[in-house]
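This briefing covers pockets and ligand surroundings. The structure comes first, and the points follow by topic.

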Amino acid sequence: MEVLIVGDAPAAGVLVAEIIAQHVQPGVSLGLATGSSPLPVYRELIERHARGELSFAGVRAFTLDEYVGLPRSHPESYHSVIRRELTDQVDLDRVDAPDGQATDIPAEAARFEAAIVEAGGIDVQLLGIGTDGHIGFNEPGSSLASRTRVKTLTQQTRDDNARFFDSVDDVPHHVLTQGLGTILDARHLVLIATGSSKAGAVAAAVEGPVSAFCPASVLQLHPHATVVVDEPAAAQLRLADYYRFAAENKPDWQRF
Ligand code: F6R
């Protein structure tokens, strides 16, 4: 795992956008996250596209998760969010997301898994992290081998996400999410975490035991995981100085 510490959230966004841009070429599949953390990444990718430096032609995308029961037309469905925040602003029109309104949810989960396989797998998966250590919506207790399925949100996650809704009561209880096993199948995992509220979860994910108690700790099992954090989110990392030294002295031949 590579841990890259930068000054603030905008700098984290630029760095993660650079990592993703290095992957972008026809035939590639991107895994996209929603929420606040990826927004600086998407802004940077949109700006590069607007300047004519980056084209998503021939690229496919898959989202991580979706609220169960929220109509796709709802402004906070992840189907709407990913279009508004990224794909409608660039030349990326092949976006697949789990359908949280499917009448047969297990069949929809199986369809989504099969679509990822049919696309040749996900080349680079962007991840945020919840304050309780979730990635996707794999809440604490999730099987480290799980596939796309329904999960129940913790109250902590519903409280965290209440800012997107009129009231916490409007935050759905259930979600359809890629499993931790699904996420591990991606060829490169890139997690972005910014702000002091993420410091505990980041430390548990990067330096704690691999455990379903902190689902993001499963990144420790992946052969190619990059964690990009700003200074506030890095505050509880015990090996922060080592990560900084390693990044500053990275050999030229070593890629992200
Ligand atoms: C969203 C997702 C979640 C978020 C996490 C952090 O698609 O998969 O894991 O990344 O809840 O959300 P923010 O970035 O809003 O703090």
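The second largest pocket holds about 210 Å³ of space. The model is predicted, so local features need pLDDT of at least 70 and side-chain atom pairs count only at pLDDT 80 or more, while totals for chains, interfaces and linings use all residues. Residues are numbered from 1 along each chain as its sequence is written, and side-chain values use heavy atoms, with hydrogens and water left out.

**Second largest pocket**

- A pocket is defined on a 1 Å grid over the protein atoms alone, as an open set of points where a 1.4 Å probe fits, with protein on both sides within 12 Å along at least five of seven lines; lining residues have an atom within 4 Å of a point.
- A volume is the space filled by probe spheres set on the points, which are joined across faces, edges and corners.
- The lining of the second largest pocket includes Met1, Glu2, Val3 and Leu4, as well as Tyr242, Tyr243, Lys250 and Arg255.
- Two or more lining residues come from each of β1 (2-6) and α8 (240-248), with helices (H or I, at least four residues) and strands (E, at least two) taken as DSSP runs numbered from the N terminus.
- Of the elements, α8 gives the most to this lining, with four residues.
- By class, the lining has eight nonpolar, one polar and three charged residues; Ala, Val, Leu, Ile, Met, Phe, Trp, Tyr, Cys and Pro count as nonpolar, Asp, Glu, Lys and Arg as charged, and the others, Gly among them, as polar.

**Largest pocket**

- The largest pocket has a volume of about 440 Å³.
- Its lining comprises 27 residues, and Gly35, Ser36, Ser37, Ile129 and Lys198 lie nearest its centre.
- Helix α5 (residues 155-161) gives the most to the lining of the largest pocket, with three residues.
- This lining divides into 10 nonpolar, 13 polar and four charged residues.

**Ligand**

- The ligand takes up the space of the largest pocket; a molecule sits in a pocket if more than half of its atoms lie within 2 Å of its grid points.
- Around the ligand there are 15 residues, of which Thr34, Ser37, His134, Gly136 and Lys198 come nearest (a residue is near if one of its heavy atoms lies within 4 Å).
- The shell has four nonpolar, eight polar and three charged residues by class.
- An oxygen atom of the ligand is 2.7 Å from a side-chain N or O atom of threonine 34, and the distance is also 2.7 Å for aspartate 65.
- For arginine 163, a ligand oxygen atom is 2.8 Å from a side-chain N or O atom.
- Taken alone, the ligand exposes 400 Å², of which the protein buries 94% (Shrake-Rupley method, 1.4 Å probe).

Conventions:
A polar contact is a pair of N or O atoms within 3.5 Å; within protein, one must be able to donate a hydrogen and the other to accept it, and residues adjacent in sequence count only if both atoms are side-chain atoms.
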